[in-house]
Amino acid sequence: LETDAQYFARALTPQTAETDAIRFLVGTQSLKYDNQIHIIDFDDENNIINKNVLLHQVGEIWHISTSPADKGVLATCYNRTSDSRVLTCAAVWRMPKELESGSHESPDDSSSTAQTLELLCHLDNTAHGNMACVVWEPMGDGKKVISLADNHILLWDLQESSSQAVLAGSASLEGKGQLRFTSGRWSPHHNCTQVATASDTTLRGWDTRSMSQVYCIENAHGQLVRDLDFNPNKQYYLASCGDDCKVKFWDTRNVTEPVKTLEEHSHWVWNVRYNHSHDQLVLTGSSDSRVILSNMVSISSEPFGHLVDDDDVSDQEDHQPEEKSKEPLQDNVIATYEEHEDSVYAVEWSSADPWLFASLSYDGRLVINRVPRALKYHILL
Amino acid sequence: MAAGPDHGSGPGDSPEGPEAEAPERRRKAHGMLKLYYGLSEGEAAGRPAGPDPLDPTDLNGAHFDPEVYLDKLRRECPLAQLMDSETDMVRQIRALDSDMQTLVYENYNKFISATDTIRKMKNDFRKMEDEMDRLATNMAVITDFSARISATLQDRHERITKLAGVHALLRKLQFLFELPSRLTKCVELGAYGQAVRYQGRAQAVLQQYQHLPSFRAIQDDCQVITARLVQQLRQRFREGGSGAPEQAECVELLLALGEPAEELCEEFLAHARGRLEEELRSLEAELGPSPPAPDVLEFTDHGGSGFVGGLCQVAAAYQELFAAQGPAGAEKLAAFARELGGRYFALVERRLAQEQGGGDNSLLVRALDRFHRRLRAPGALLAAAGLAEAATEIVERVARERLGHHLQGLRAAFLGCLTDVRQALAAPRLAGKEGPGLAELLANVASSILSHIKASLAAVHLFTAKEVSFSNKPYFRGEFCSQGVREGLIVGFIRSMCQTAQSFCDSPGEKGGATPPALLLLLSRLCLDYETATISYILTLTDEQFLVQDQSPVTPVSTLCAEARETARRLLTHYVKVQGLVISQMLRKSVETRDWLSTLEPRNVRAVMKRVVEDTTAIDVQVGLLYEEGVRKAQSSDSSKRTFSVYSSSRQQGRYAPSYTPSAPMDTNLLSNIQKLFSERIDVFSPVEFNKVSVLTGIIKISLKTLLECVRLRTFGRFGLQQVQVDCHFLQLYLWRFVADEELVHLLLDEVVASAALRCPDPVPMEPSVVEVICERG
């Protein structure tokens with residue numbers, strides 16, 4: 001399924017706090033018009049896409065993320081051009097109430113009546129430089145946010161229902177040359193005390209309590225690391241991708257060697273995402289305009305498929321040997337999606353339906369795909 | 001005698017006389033005689049039909065009528081002829097008369113002499129009869145006398161016979177009585193064989209007559225002496241100082257003396273063991289930790305002559321001596337041989353293991369040959385001990401290890417070559433001067449590897465030489481050739497070569513490019529050469545040298561070639577990536593570090609772009625050294641003249657549209673999408689073909705795509721955009737000639753400029769003519 005944002009766009013996020021409806025947010029990039037945030041609703045049963053538009057007048061959106069606790073709260077990183085300077089800022093916004101849980105207006109109406117976001121607070125970065133991204137504490141109450149600005153990593157506390165952002169801690173990279181963070185993710189493990197960041201060819205892990213470096217994977221990729229993601233079910237595992245066209249899987253306890261390397265793309269890999277519940281499913285988007293869904297069974301939390309409970313075993317003893325014979329499964333590429341015609345800069349799983357994902361290419365085309373049915377049943381059964 | 005009247009028929013045949021020839025005439029005479037003796041009928045019939053026999057005018061016919069004849073003559077012939085006939089006839093008559101006379105005279109003489117002879121014979125016979133009578137009477141007398149003499153001598157003859165018997169018996173008795181002393185003497189003199197023979201002869205008799213006291217005594221004496229003898233023999237046997245033949249003799253004597261065979265054979269083996277162990281110890285000493293290290297050939301020679309020879313002797317002696325022991329005895333010997341043989345093999349293997357590191361194959365093969373040859377004799381003698389099989393096994397094992405060793409050697413040689421190449425590649429950089437060309441280096445590497453392979457093959461080939469004793473074993477004829485040499489050594493090496501080469505592709509430190517790109521290029525070409533020619537050449541060589549008779553499946557040439565090709569492809573692709581990365585980095589840094597918003601109006605092409613073109617040219621030269629040109633799409637020759645005016649007025653317009661007509665964001669995408677529909681998707685890191693153009697295309701694609709992505713991440717001021725325009729035009733001018741399809745460069749550069757325009761809040765493109773001027777100036 002496809003839809004056009006009709007603008008150039010790079011930023012995509014699922015509405016994290018929403019667990020019922022399938023909803024994605026897309027931020028547009030335009031230097032000439034008012035930028036928008038498109039709220040894409042996908043009705044799974046009827047295969048209908050609804051779109052609502054929010055105006056984001058402050059600038060073109062480079063990154064967008066939503067609060068895990070409050071459906072209506074989101075954060076963006078945007079470019080503000082003033083005089084002959086471009087500065088990337090970050091801010092937390094609230095969308096109008098009626099859009100929080102999707103609208104049932106017809107698409108025609110929504111495009112005509114674009115509504116405006118309500119600014120909650122700025123993440124003040126005047127001292128720190130350009131904001132690369134904002135990430136929310138995944139399990140928390142939506143009060144903690146990490147933002148990456150040039151070579152600083154900043155931990156913010158959002159107070160008074162997010163209307164005030166207080167800098168709670170910061171750390172910065174010191175070194176030669178222009179060190180700049182490209183991307184970061186908050187680990188869902190260890191009580192959400194770890195954040196991993198990518199800068200140049202290096203991956204770093206940070207402890208949010210002390211704001212100090214925990215681990216460092218030097219030369220994780222041959223070239224720039226573009227993105228990373230934590231395995232949601234295996235606490236030390238993370239995936240990274242970069243300009244060397246590779247996707248690498250790491251065990252952070254061993255920083256010298258990747259656990260596994262994939263080399264399926266033919267250009268820079270911009271995005272890598274683990275499926276939230278079935279971590280063998282890994283999604284990657286690349287500027288070769290392809291999206292690849294891989295099945296990394298061997299390094300997933302369920303290397304031998306779904307573990308059958310003891311009760312089930314007694315019930316289905318005749319099924320047991322059959323299942324055993326199928327395993328262990330091989331790692332493979334499940335599907336390559338070639339619907340995009342420009343570079344794909346973002347891929348995301350839906351927060352509501354684990355079998356659904358969206359990908360966004362530069363020309364503004366958003367494609368929603370499902371995991372192949374056969375594979376879905378294979379994983380479930 | 002009177003012939004005329006008597007021979008009445010004769011006178012008339014004159015006319016035919018002159019024609020008749022001499023034999024005819026003689027036959028005629030015979031005919032007439034036969035006629036006379038009444039044989040005429042048969043004879044006449046037998047004669048070939050001449051003139052009619054009933055013709056009365058035929059002078060020789062039976063029915064000749066003189067009157068008719070005469071009448072005929074008178075009537076038919078003239079006078080002259082008649083006269084002639086008459087004279088002729090008279091002459092014939094005379095001749096016949098004289099013939100007749102001679103015949104009669106001769107026959108008469110013969111008759112007379114015969115009569116005389118008969119008379120004489122009658123007289124002689126009568127005399128002989130008388131003498132025969134006298135002889136008969138004399139013979140009768142002689143017979144009579146002879147009978148009388150025999151009768152008289154009968155009695156005396158019997159007595160003499162009896163006396164002779166007694167004499168023999170007495171001699172035997174005398175021997176018996178003398179036996180003890182003789183034995184003692186023998187024992188004292190050490191003539192044990194003689195003693196044992198005496199004893200053997202006497203034994204039975206003594207046994208038989210032992211009830212007689214005197215014999216009893218002798219027997220006792222003998223037994224005592226024999227016991228002593230046995231003791232002495234044992235003593236000698238045990239001392240074991242003497243060699244195997246003496247021992248064997250001792251044992252033989254002891255056996256003859258009726259000693260228990262079982263015990264003897266135990267003891268025999270024990271002694272043999274002692275001796276052989278001595279040999280083994282000396283061998284081991286040669287092995288020892290700090291040996292004077294005799295070479296392996298000498299070692300196996302020692303082992304062969306000392307131990308194996310000894311073993312052979314023991315086995316032969318044993319089998320001869322204890323043949324009566326049957327299978328149990330043979331089994332004992334086999335076990336004995338097996339055990340000692342095992343220890344010997346262990347020693348040999350230790351020695352051979354020391355040899356593994358060494359390089360000289362011929363010596364080793366000769367040593368193995370000796371070793372194997374020596375063991376064939378005991379092997380044949382003691383099939384049950386399995387010595388020959390064990391020896392063959394050792395030889396096989398050594399051969400296998402040798403193969404492994406050679407494989408290692410080849411690998412090391414290959415790595416050595418690579419190191420040399422690296423040094424050669426690194427050196428000219430320092431000197432600042434071109435060293436040996438890539439093509440030359442490639443040829444060096446290829447030839448050195450090939451010569452190494454050939455050397456290895458030659459070395460290994462020694463194992464299958466005809467004169468080597470084990471070369472006709474099934475292992476060496478079959479498995480060694482096919483699995484060992486062909487698969488293990490050659491195929492293994494080629495595979496490992498491919499792997500080594502491939503490992504350069506996934507070296508972890510890819511960032512710095514630990515391997516110089518030129519090396520990648522060189523290896524790629526090497527692998528490709530292997531694919532096209534060298535592999536099949538090497539394998540053919542191998543197959544020829546080692547006539548493979550084994551049926552086991554071997555890796556076909558095509559598989560290897562495919563592997564080599566894949567390696568070559570990967571290396572080349574990696575080369576493209578590495579070189580592309582170098583240029584990409586340059587471009588990326590140049591885009592990222594510049595402040596595009598506040599840049600000044602472009603006056604020049606940026607230095608980095610010139611650098612890009614320079615580097616690309618350098619790569620072009622480098623690749624050109626090793627790879628062919630390749631095919632490029634035919635394009636209009638003046639394409640370098642193309643400027644950005646073309647698309648900035650047509651295609652580009654679509655992209656710029658939003659800035660002028662704010663209500664049409666829709667059109668932007670529509671247009672760009674339509675544009676994309678007509679241009680193929682560009683696979684940036686696509687597989688590379690084996691030619692220069694393809695390689696360069698790959699590198700340029702990677703670089704330009706990087707430029708595109710970087711541009712998209714920035715925001716440009718008006719002059720920033722114009723600078724990009726200038727840069728792109730410059731690239732356009734110089735890069736098109738390197739790629740297969742220049743349209744590709746256009747497309748990518750178009751896209752770069754379009755993206756830059758899109759990222760520009762105030763997109764005012766530069767005049768194409770100005771762009772051209774700047775580029776030409778720069």
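## Chain A

Chain A of this predicted model has an accessible surface of about 15,100 Å², and 44% of that surface belongs to carbon and sulfur atoms. Accessible areas come from the Shrake-Rupley method with a 1.4 Å probe, and for residues only the protein chains shown count as cover. Of its 381 residues, 59% count as buried (under 20% relative accessible area).

The secondary structure of chain A consists of five helices and 29 strands. Helices (H or I, at least four residues) and strands (E, at least two) are DSSP runs, numbered from the N terminus. Where residues at least 6 apart in sequence are in contact (heavy atoms within 4.5 Å), 51% of the contacts in chain A join residues at least 24 apart.

## Chain B

Chain B contains 25 helices and zero strands. Of its 778 residues, 43% count as buried. The accessible surface of chain B is about 41,500 Å², with 57% belonging to carbon and sulfur atoms. Among contacts in chain B between residues at least 6 apart in sequence, those joining residues at least 24 apart make up 82%.

## Helices α17 and α22 of chain B

Helix α17 (residues 557-592) and helix α22 (residues 692-712) of chain B cross at roughly 30°, and their axes come within 8 Å. Axes are lines fitted to C-alpha atoms, for helices over the stretch in contact, and angles run from 0 to 180 degrees between N-to-C directions. α17(B) and α22(B) are therefore roughly parallel to each other (angles under 35 degrees). Their crossing is right-handed, meaning that the near helix is turned clockwise from the far one by less than a right angle.

Residues in this contact include L572(B), Y575(B) and I583(B) of α17(B), and V695(B), I699(B) and L707(B) of α22(B). The contact residues divide into 12 nonpolar, six polar and two charged. Ala, Val, Leu, Ile, Met, Phe, Trp, Tyr, Cys and Pro count as nonpolar, Asp, Glu, Lys and Arg as charged, and the others, Gly among them, as polar.

## Helices α23 and α25 of chain B

Helix α23 (residues 718-735) and helix α25 (residues 768-777) of chain B pack with axes 9 Å apart, at an angle of about 60°. The crossing of α23(B) and α25(B) is right-handed.

On α23(B) the contact is made by Q725(B), V726(B), H729(B), F730(B) and L733(B), and on α25(B) by V771(B), E772(B), I774(B) and C775(B). These residues divide into six nonpolar, two polar and one charged.

## Basis of the model

Residues are numbered from 1 along each chain as its sequence is written, and chains are lettered from A and ligands numbered from 1 in the order in which they are written. In this predicted model local features need pLDDT of at least 70, side-chain atom pairs count only at pLDDT 80 or more, and totals for chains, interfaces and linings use all residues, while side-chain values use heavy atoms, leaving out hydrogens and water.

Notes: Buried means under 20% relative accessible area, exposed over 50%, partly exposed in between (1.4 Å probe, protein chains only). Angles under 35 degrees count as roughly parallel, over 145 as roughly antiparallel, 65 to 115 as roughly perpendicular and the rest as oblique.
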